[in-house]
Every structure is written in C-alpha cells, then in structure tokens.
Amino acid sequence: MSWMAWTLPTGIFFGTIACLLVIFTILAVRFPETPRTGVLGIETTRGDRLFITLLGSAFINLAWLGLTGMPQPWAMLVCLIWAAAVFRWV
Amino acid sequence: MDKPVNHKAWFLVLPVLVLVAFSAVIPLMTVVNYSVQDTFGNNVFFWNGLGWFEDLLSSERMWNALGRQLIFSGVIIAIEIPLGIFVALNMPKRGVWASVVLVLMSLPLLIPWNVVGTIWQIFGRVDIGLLGYGLDALGIDYNYTQNPIHAWITVVVMDVWHWTSLVALLAYAGLQSIPDAYYQAAKIDQASRWKVFRFIELPKMAGVLMIAVLLRFMDSFMIYTEPFVLTGGGPGNATTFLSIDLVKMALGQFDLGPAAAFSLMYFLVILLISWVFYTVMTNLDKRGG
C-alpha cells in the first residue's frame, strides 16, 4: 500500500465517499423508489442526485479555492446547501 | 415510469466493479493522494495540502492550455458539424454508390491516431510533403513548425480530415431514418429545398447531431496523439493542449504533485461533460429520438 502514498485526510475523504455509497446502496435496496423529474428537466433517482451533489461539490471547492481566498472548510458549508438544494429540487 | 426500480440487479455488476477498481479506481485514488503531497522520488512524500491546486488555479500556464483547448474544440465543432451535415446531404441514398461512399467515408476513422499525425506531419513538410511543397510552390510561405498560425491551421485541418466523416455518417444515419412520406408531403406543399432541410431534415437529425457534437467535444477535449506527433505542442506552446501539457508536467518535468492536481481538475471537467453526454442521450432515448 505504500506506493499509493496514503495520507489521513485523503483516507477520510475516500472513507466518507465509500460510506455514502454504501448508505445509498442500502437505501436503494431497502426502499426502492420512482425516478422523478426536477428543475433540470431530467429524471433522477437518489443515486443520480448523490452524483450531482458530489460532482457539484468538487467544482464548488475548486471555485472557492481559486476565487475567494477564504478558509477552505467554509466551502463545505456551501456544499451542504448545494446538497440540500439538489436533493430537494433536482 | 410508474413501477419502482429494482436496484438489486446492480449486484450483478460486482465483477466488473472489481475489474474497474483495479484498472481505474485505485490508480485514481493514488492520483488524489499524490495531488496533496510533494515528492523528490524514492517513494518519500511530504504533505502539501491544497497547495498544488492553489498554484494551478492561479497559473497562467494551465489557463492558457485550457483556453487553447476550448478554442480548438469550438473551432473543430464549428467546422465539422456543418461540413458533416453538408456531406451527408450529398451522399447517395441508395444503390451501389451508397455502399462505396459509406466505405470511403469510414476510411479516415479506421486509421490509428498516431498514423494520422504522421501522415500530416509528412504531408505538411515543405521539403518532401505534398501539401507543404505545393503551398510553397504557389508562393505561400507555409511552415507549420515555425509559424503558430500555420501550426493551428494544420492541426485543425487534420482533425477535420480525420473526424468529419464520423459526423457525416451519424447525420446520414439520421437522414436515412426519415420516411419518404415527409418528403412527399413537402413536395405537395411545394416546400423549397431550404424549408425541407429546416423543417424536416434538421429536426429529424437533431438527436444524432447532439450525439455528434458531444462525441466530438469529448474527443477533441482529450486530444493528445495527433497534435503531439504533428507539432509536439509547438511552435513554443502554440498547440499545447491540456493533455499535452499534462504529460509534459508529469513525465517531462516529473512534477507528480502538480500533475496529479492538474489531472484531477481535467478529470472533473471530463466527468461533467460525460455526465451531460449520458444524460442527454438517455433522455433522447426516453423521448424516442
């Protein structure tokens, strides 16, 4: 494993994503759902909304880093708002 | 859709997931790990946090490469899509010539990318290449190895030569699916050729054209081999697109940290475009386009 050059923060990062995937997999199996059409005009399931949230969060973090110059953890707050919006309206 | 989706079938793709984990996910995780560290070799790493990302986001080099990449993708789409439609409209619809033309149109698509680069590299040379020699003989001072504009024109023309047939074939497939009744109705209404194109052919081709645009955008956004063989990213940095710049950084300078951060940002953009591509395609399918 040493060749992968693991660090604690990246470990936590991937651990969180892995946990999210496991949780959403369990949710999808236990509570099957009907895809719905939201503001983007496309059909989405919970999994799709998770993907949109994660991808959007990556861009929010990059934009925060490149544009604001404020401490990075604050970007996570924006990401949470983004996540709530995606799960509510997309 | 009224029926809930049964997600249990997803477990059947587990073997593929394991394969992808080894071929893509684990290497990608390693890239993420590299992107937050610095190394001087010997597998010894130093924590650098988000430093590389910060450096890159404010680096002129990356933004310039991204700018060149976007201009390149924009230019080739602006040329290849109308040209592909034009070619498709003029291809024979049936008979033996239809098959001959289809085979001819497929030929450029079958040539490996590095060979395309080599073909154009020789074709454009002033001393032995037909194009370069011909232009020189006409009194045009053409030299793609020294003049950035000539290099750009050559790279764009090479891409157009290589990929317009893909657009043409897709548009042709769209045209072939239009029933004759539409044309007959247009004839009865005495519609002009332009109106037939605007109100029958173009809407019927919209689905495949969308696929063509997205395919060409994706492909041109990741282009590496052809310009690398043709110009090597030069003259200067004139044709250094994102992937060429990335390889220079990762393998030329062996800056693993910045290259990892660069490739992650590149990956995110590609992922976003792929998602748009996938979403548009599946939605077109649902609408029966």
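This is a predicted model: local features need pLDDT of at least 70, side-chain atom pairs count only at pLDDT 80 or more; totals for chains, interfaces and linings use all residues.
**Chain B as a whole**

Let us begin with the overall make-up. Chain B contains 12 helices and 2 strands. Read from the N terminus, its elements follow the order α-β-β-α-α-α-α-α-α-α-α-α-α-α, and its C-alpha trace extends over about 75 × 70 × 30 Å along the principal axes.

Of the 289 residues in chain B, 39% are buried. Taking the contacts in chain B between residues at least 6 apart in sequence, 67% link residues at least 24 apart. As for charge, chain B carries 16 positive and 18 negative side chains, and 15 Å separates the centres of the two sets.

**Helix H4 of chain B**

Which residues of H4(B) are buried? They are B:Ala98, B:Val101, B:Met105 and B:Pro108. Looking down the axis of H4(B), these buried residues fall within an arc of 90°, and therefore they line one face of the helix.

What do the buried residues of H4(B) pack against? Their partners are helix H3 (60-90) and helix H7 (148-176) of chain B. On the face of H4(B) turned away from the buried side sit the exposed residues B:Val96, B:Val103 and B:Leu110. B:Trp97 also belongs to helix H4 of chain B, and it counts as exposed because its relative accessibility is 59%, where exposed means over 50%. B:Trp97 is 22 residues from B:Val75 in sequence, and their C-alpha atoms are 31 Å apart in space.

**Helix H11 of chain B and its surroundings**

Next comes helix H11 of chain B, which runs over residues 242-252. Its buried residues are B:Leu242, B:Ser243, B:Ile244, B:Asp245, B:Leu246, B:Met249 and B:Ala250. They pack against helix H2 (51-57), H3, helix H9 (193-221), helix H10 (225-230) and helix H12 (256-286) of chain B. After H11(B) comes B:Phe254, which has a positive phi, near 55°.

B:Thr225 lies in helix H10 of chain B. Setting aside neighbours within four places in sequence, B:Thr225 touches B:Trp113 and B:Asn114. B:Thr225 and B:Pro179 are 46 residues apart in sequence, with 41 Å between their C-alpha atoms. B:Trp194 is part of helix H9 of chain B. From B:Trp194 to B:Tyr34 there are 160 residues in sequence and 56 Å in space, C-alpha to C-alpha.

**Positive phi angles**

A:Ala5 is not a glycine, yet its phi is positive, about 55°. A:Ala5 is placed in the segment before helix H1 (8-30) of chain A. B:Asn43, likewise not a glycine, has a positive phi of about 60°. B:Asn43 is located in the loop between strand E1 (37-39) and strand E2 (45-47) of chain B.

**Accessibility of the residues named**

The table gathers the relative accessibility of these residues.

| Residue | Relative accessibility | Class |
|---|---|---|
| A:Ala5 | 5% | buried |
| B:Thr225 | 24% | partly exposed |
| B:Asn43 | 41% | partly exposed |
| B:Trp194 | 56% | exposed |
| B:Trp97 | 59% | exposed |

The cut-offs explain the classes: buried means under 20% relative accessible area, exposed means over 50%, and partly exposed lies in between. A:Ala5, at 5%, therefore counts as buried, whereas B:Trp194, at 56%, is exposed.

Key: Residues are numbered from 1 along each chain as its sequence is written. Chains are lettered from A and ligands numbered from 1 in the order in which they are written. Side-chain values use heavy atoms; hydrogens and water are left out. Buried means under 20% relative accessible area, exposed over 50%, partly exposed in between (1.4 Å probe, protein chains only). Helices (H or I, at least four residues) and strands (E, at least two) are DSSP runs, numbered from the N terminus. The arc is that of the directions from the helix axis to the C-beta atoms. Contact means heavy atoms within 4.5 Å. Lys and Arg count as positive and Asp and Glu as negative; His and the chain ends are not counted. The place of a charge is taken as NZ of Lys, CZ of Arg, CG of Asp or CD of Glu.
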